[in-house]
Amino acid sequence: MTFLLGALVALVGITASPGDLPKSRPIHDYDSPYFARARATVLDRSAEPAKRITAMRELVIRDATSGREIIAEALKDRNARVQKEAAEWLAIYGDSRGLEWEARCVTDTACVGFRYHALRLLGNARSERYADLIRREVERVFRPGLRGETWGGSAENRAMLKYGTIALARIGRADDRDLILSVVQARPSSDFLEALGYLDDRRSHKILWAAYRSLSRTPTCSSAGLGVPALLPLSRLGDERAISELKDVLRGVGVPPGPWPEHGFPSLCADRAQAFSGLRPRDSTRFAETVIEIAAQEPEGPGTFDAWQALGVMRPEGLGSRVLKLAISRPRWRLVSHYMLKTVVLAVDPELHDEFWNAYQDVQVIPAQLGIRTQVRQGLGYLLFSGVGQWTGD
């Protein structure tokens, strides 16, 4: 058995560095066998496409570094579904091979239903190389959909317009600024406001505060009313009032109390849920301290779990030791699993692996967690947390 495990580790190139891991307890690499099976499945062209597609995700989860080139092999596949999945994963990596495939998809009629995903991925790359292509698509769906000062169009065109506008905003060309502002001002919906968080322009502030007023109403648990979709981009522009108001929302100030079943877990009401789920790495300088404060609340309550997940998504630089100290400060967390604590600590700083596990002397075998650590080092740490796989902002 030891020989077989060693062979698998050698096969996929994953090794636990003895200098990095505690020596007092055995270290087990649970990821390597799964990686080896996924590798064989992806490269087996006789396997069912659905299985090969599932195996690509497994490659990223188990070893994001080695998985990249194996996925690149699938980009040459004759099966269109397999090829598409490989291209999307490579684009998520920021790999030019996947991005070029996505760029072709934008204007390829065979990509109907996937073209807006292509715009999203190209925008995440933040490369001016694709700006002209994206702009043409935005103009193609925007001008014909205008009805006076507002826009209306099909669901597919709306998705194209949203991801294309946010993509242009992320790329940040000055020539695209007026177009972006025109699209957002035409009010397709509040999720278009995200784009203005990249445009520090007096017009952005004006549009966002107008949107804030239109979104403001007495909140209920199921219906948001505190203008979070406008406050978040305003905070990214450095607006102090927006930052203060968003901190209050995160803390639950002015938000109805969420339901907490007697034998279940608490849920957040709409405004707090919007605020926590919208946080990204670029927000950590302004909101990490507030989120840590909520994650540390005692007794635990509504917001504890969501704050921990937000820390993992934001990955605040330089605060890894504080997050670790908080994670191991209680023998048992009521609302946050040990798995979540470990995942968040490694997402914030994968070098804290040893310190985290050294705090739990009752653990007999320490998992090497090489899958999580390679994912974070490849810039894919956000994929560790549910609900953020399709995010458009950084």
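## Packing of α10 and α11

Helix α10 (residues 177-185) packs with helix α11 (residues 202-215) at an angle of about 10°, their axes lying 11 Å apart. The two helices are therefore roughly parallel to each other, a term for angles under 35 degrees, where axes are lines fitted to C-alpha atoms over the stretch in contact and angles run from 0 to 180 degrees between N-to-C directions. Helices here are DSSP runs (H or I, at least four residues) numbered from the N terminus.

On the α10 side R177, D178, L181, V184 and Q185 meet R203, S204 and I207 of α11, contact meaning heavy atoms within 4.5 Å.

## Basis of the model

This is a predicted model, in which local features need pLDDT of at least 70 and side-chain atom pairs count only at pLDDT 80 or more, while totals for chains, interfaces and linings use all residues. Residues are numbered from 1 along each chain as its sequence is written, and side-chain values use heavy atoms, with hydrogens and water left out.

## Disulfides

There are two disulfides, each defined as a pair of cysteine sulfur atoms within 2.5 Å. One joins C105 to C111, with S to S 2.4 Å, and its torsion about the S-S bond is about -135°, so this disulfide is left-handed. C105 is buried at a relative accessible area of 2%, as is C111 at 7% (buried is under 20%, exposed over 50%, partly exposed in between, with a 1.4 Å probe and protein chains only).

Another disulfide joins C221 to C269 (S to S 2.0 Å). C221 lies in the loop between α11 and α12 (228-236) and C269 in the loop between α13 (240-251) and α14 (270-278), so the pair ties together parts 48 residues apart in sequence. C221 is partly exposed at 29% relative accessibility, whereas C269 is buried at 1%.

How values were computed. Angles under 35 degrees count as roughly parallel, over 145 as roughly antiparallel, 65 to 115 as roughly perpendicular and the rest as oblique.
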